[in-house]
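Good morning, colleagues. Please take a moment with the sequence and the structure before I turn to two of its local features.

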Amino acid sequence: MKRRYSVLPLLVVLATAGAADSGKLLKRLDSGDSTERIEALRELGSVDPALARERAVQWLASQPEPGLRAAAARVLWDMKDAARPAEAALRGALTDSDEDTVYNAIGALDGLGVPDQELRDSRITLAQQGSDPFHVFYAARALYPDSALTLTQYLDACFGVANLIAEGGIDNTFTVGALRDDLFGQLGVLAKEQGQAGFDALVEAWPRESPPVRYQISRVLYSIPTEVGDPVRIAALLDTAPDDARGFVVSALGAYGAKAQPVLDVIIGHLGPEHEPDLRRTAASTLGRVADVPGDLDDMRKSGMWRNEVETRIAPALAKSVADDADAEVRKESAESLEKLKLWGAPAAPGIAGHIAAQTDLWARYALVHVCLWGARGDHPCARATLQAIADGDPDDAVRRDAREALLGKPET
């Protein structure tokens with residue numbers, strides 16, 4: 001059975017002209033099934049807020065059915081400041097035996113501006129003892145970074161709602177969307193702020209958690225500070241990564257620069273034709289970022305082990321993708337990444353010369369002509385005949401202009 005939740009205020013059903021008056025709604029409040037009674041209380045909130053507040057307080061105090069008590073707290077939450085006379089009743093509901101009632105009472109009191117410190121104990125209880133992943137998550141999220149909860153408890157709260165979303169246990173699409181956003185945000189904060197302990201906890205949780213949780217972890221790997229992250233351990237996650245998580249894992253490696261040298265073959269391997277185009281595009285983009293080319297030309301000219309890796313492994317892999325990949329978008333991404341290598345991509349210039357004009361995408365041609373410009377500065381010029389043809393006949397003014405500049409940069413001998 002799907003459960004109903006709301007992160008945003010519930011839509012109050014508006015009474016149409018000539019619709020039920022307060023008297024009729026009061027009769028509905030006392031008869032019918034629970035769903036009808038709850039709907040009547042919500043409608044009453046739009047017709048007569050004071051009367052609805054009075055009846056909600058009565059339900060909180062004496063209604064034996066938990067669902068009606070929870071609905072009363074929810075209606076008071078939706079009433080916002082109009083619920084202020086019910087603050088005492090809402091405070092009393094913080095010790096209700098029903099978890100949903102407590103959750104809604106916390107929300108209503110928070111909406112009234114009650115200080116977080118006064119709601120802390122109730123949130124801790126909900127986060128530590130709650131059985132509903134939705135309630136546990138929002139209680140933990142509101143508490144963070146309270147030391148009353150451990151890092152494991154914060155993560156478990158996130159993992160619980162990741163599975164809840166995947167199970168389709170929420171029937172409100174707006175709620176699902178908001179929950180996804182809040183989950184992503186909270187996991188991202190944990191990944192960014194928890195340092196080495198956070199990285200270790202995420203990586204160690206990976207093998208024991210479900211594919212939906214692994215997917216959510218993969219989305220925040222890029223938030224982990226590179227000083228505590230380990231590209232070797234991140235790359236190892238690919239062995240058990242769900243298909244929808246592989247791109248995020250590969251992309252996360254792009255921030256590690258020379259630290260990613262031990263897994264460079266893993267990234268390059270994802271350019272292979274056995275992978276889907278989206279994953280090949282991600283790999284091409286990652287190679288452009290992981291190169292971490294210095295911005296200063298003098299620094300680019302300095303020799304070094306990482307420069308050699310970029311020139312002999314990354315640049316040729318991207319050039320091969322430009323020449324061979326069957327997908328135009330992958331070729332474009334590879335061309336743009338090759339351009340980002342600047343002087344370090346110069347050795348690839350001769351190899352891509354014959355493929356520039358074949359690129360159907362303007363920006364791919366533009367990027368590849370820039371590779372030739374850098375090649376001219378690095379003693380690796382493109383073939384003059386190819387550049388001349390582009391300078392004379394490319395349909396784009398900027399590409400023709402830069403091809404002419406490349407020709408003037410350093411003539412081929």
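Cys372 and Cys382 form a disulfide in this predicted model, with 1.8 Å between their sulfur atoms. The structure holds 1 disulfide. The link of Cys372 and Cys382 is left-handed, at -80 degrees about the S-S bond. Which parts does the pair tie together? Cys372 belongs to helix α21, residues 362–377, while Cys382 sits in the loop between α21 and α22, the latter spanning 384–393, so the bond joins parts that are 10 residues apart in sequence.

Are these two cysteines buried or exposed? Cys372 has a relative accessibility of 1% and therefore counts as buried, the cut-off being under 20%. Cys382, at 2% relative accessibility, counts as buried as well.

I turn now to a helix pair. Helix α9, residues 151–166, packs with helix α12, residues 211–219, at an angle of about 120 degrees, and their axes are 8 Å apart. That angle makes α9 oblique to α12. The crossing in which α9 passes α12 is right-handed.

Which residues make the contact? From α9 come Phe159, Ala162, Asn163 and Ala166, and from α12 come Pro212, Val213, Gln216 and Ile217. Sorted by class, the contact of α9 with α12 has 6 nonpolar residues, 2 polar residues and no charged residues.

Methods
Residues numbered from 1 in each chain as written. Predicted model: local features only at pLDDT ≥ 70, side-chain atom pairs only at ≥ 80, totals over all residues. Heavy atoms only, no water. Disulfide = S-S within 2.5 Å. Helix = DSSP H or I, 4+ residues; strand = E, 2+ residues; numbered from the N terminus. Buried < 20%, exposed > 50% of the residue type's maximum accessible area, 1.4 Å probe, protein only. Axes fitted to C-alpha atoms, helices over the stretch in contact; angles between N-to-C directions. Parallel < 35°, antiparallel > 145°, perpendicular 65-115°, else oblique. Left-handed = near helix turned anticlockwise from the far one by under 90°. Contact = heavy atoms within 4.5 Å. Nonpolar A, V, L, I, M, F, W, Y, C, P; charged D, E, K, R; others polar.
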